[in-house]
Amino acid sequence: MKMRSIAEQLKNNSYPGRGIILGKTPDGTKAVAAYFIMGRSLNSRNRVFVEDGDGIRTQAFDPAKMEDPSLVIYAPVRVLGNKTIVTNGDQTDTIFELMDKQMTFEQSLRGRDFEPDAPNYTPRISGVLHVENGAFSYALSILKSNNGNPAACNRFTFAYSTPIAGEAHFIHTYMGDGDPLPSFEGEPEPVDVSDDIDAYTDLLWTSLNEENKVSLFVRYINIADGICETRIVNKNR
């Protein structure tokens with residue numbers, strides 16, 4: 001699959017929903033993780049990312065306006081030893097707890113499926129980065145309804161054991177806006193990445209649809225020693 005411009009991918013899609021980007025910087029020294037959320041409803045837009053230990057969580061910007069927290073308040077990022085887990089829902093906790101019991105990434109998701117938000121049946125997208133002893137690998141997963149039919153959950157896992165410098169993979173919940181929202185299709189998209197965390201954060205944030213974007217998380221992890229840098233951008237301030 002041909003490398004795509006992440007800026008163009010975001011600019012040409014007014015509503016990718018929630019998205020995960022995992023990859024390696026062009027200089028080959030850092031693992032990259034990015035996660036963004038968007039929203040069409042007031043409830044979805046009434047959120048911010050806040051730091052929570054080594055990870056982050058979503059939080060109501062105005063608690064008085066929060067209606068239903070069940071699918072919008074969760075920990076998108078948690079760290080388990082040398083593994084960084086990134087997801088679009090409370091399956092972050094499931095992965096964390098079961099991988100801590102020596103299950104694989106794929107095994108840890110077997111008890112989960114897409115979100116119960118008919119008629120969209122939003123896919124659950126998840127990723128894990130493994131940085132250890134100067135080595136780096138990552139994997140992405142999507143759990144989705146069978147072409148909108150909630151009678152079946154289709155499960156796909158994509159593993160990247162030898163990440164290529166300058167390449168990332170992008171997976172998101174929706175192909176675009178719609179009613180119902182059309183679920184992501186195909187393999188994670190290969191996209192470009194930058195050596196500069198601030199430049200990349202700015203590129204992602206400015207490329208997301210201005211009306212629908214809510215929050216963005218970006219982390220660069222030094223592959224040699226595991227030291228990381230994190231950036232968080234919230235539309236609500």
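Modeller: The largest pocket has a volume of about 400 Å³. The model is a predicted one, in which local features need pLDDT of at least 70 and side-chain atom pairs count only at pLDDT 80 or more, while totals for chains, interfaces and linings use all residues. Residues are numbered from 1 along each chain as its sequence is written, and side-chain values use heavy atoms, with hydrogens and water left out.

A pocket is an open set of points, on a 1 Å grid over the protein atoms alone, where a 1.4 Å probe fits and protein lies on both sides within 12 Å along at least five of seven lines; lining residues have an atom within 4 Å of a point. Points are joined across faces, edges and corners, and the volume is the space filled by probe spheres set on them. The lining consists of 21 residues, and R18, S41, S44, V72 and D117 lie nearest the centre of the pocket. By class, six of the lining residues are nonpolar, eight polar and seven charged. Here Ala, Val, Leu, Ile, Met, Phe, Trp, Tyr, Cys and Pro count as nonpolar, Asp, Glu, Lys and Arg as charged, and the others, Gly among them, as polar.

One is T173, which is found in the loop between β10 and β11 (189-192); strands (E, at least two residues) and helices (H or I, at least four) are DSSP runs numbered from the N terminus. T173 is buried, with a relative accessible area of 0%, where buried means under 20%, exposed over 50% and partly exposed in between, with a 1.4 Å probe and protein chains only. Leaving aside neighbours within four places in sequence, T173 is in contact (heavy atoms within 4.5 Å) with residues including R18, N88, P123 and S183. S183 is placed in the loop between β10 and β11 and, at 14% relative accessibility, also counts as buried. Beyond four places in sequence, the contacts of S183 include N120, K144 and T173.

The other residue is Y35, whose contacts, again beyond four places in sequence, include R18, I20, F49, V86 and F217. Y35 also belongs to the largest nonpolar core, a set of 26 residues in which I20, Y35 and L129 have the most contacts. Such a core joins buried Ala, Val, Leu, Ile, Met, Phe, Trp, Tyr and Cys residues through side-chain atoms within 4.5 Å. At least two residues of this core come from each of β1 (19-24), β2 (30-38), β7, β8 (135-146), β9 (149-160) and β12 (213-222). Apart from this core lies another, of 23 residues, with V32, V191, L208 and Y220 among them.

V32 is found in strand β2 and counts as buried at 0% relative accessibility. V32 and I221 are 189 residues apart in sequence, but their C-alpha atoms are 6.5 Å apart in space.

Finally, the model has six aromatic pairs: rings of Phe, Tyr and Trp (its six-membered ring) with centres within 6.5 Å, stacked under 30 degrees between planes, edge-to-face over 60 and tilted for the rest. The rings of F36 and F170 have centres 6.0 Å apart and planes at 50°, so this pair is tilted. F36 lies in strand β2 and F170 in strand β10 (residues 167-172), so the pair ties together parts 134 residues apart in sequence.
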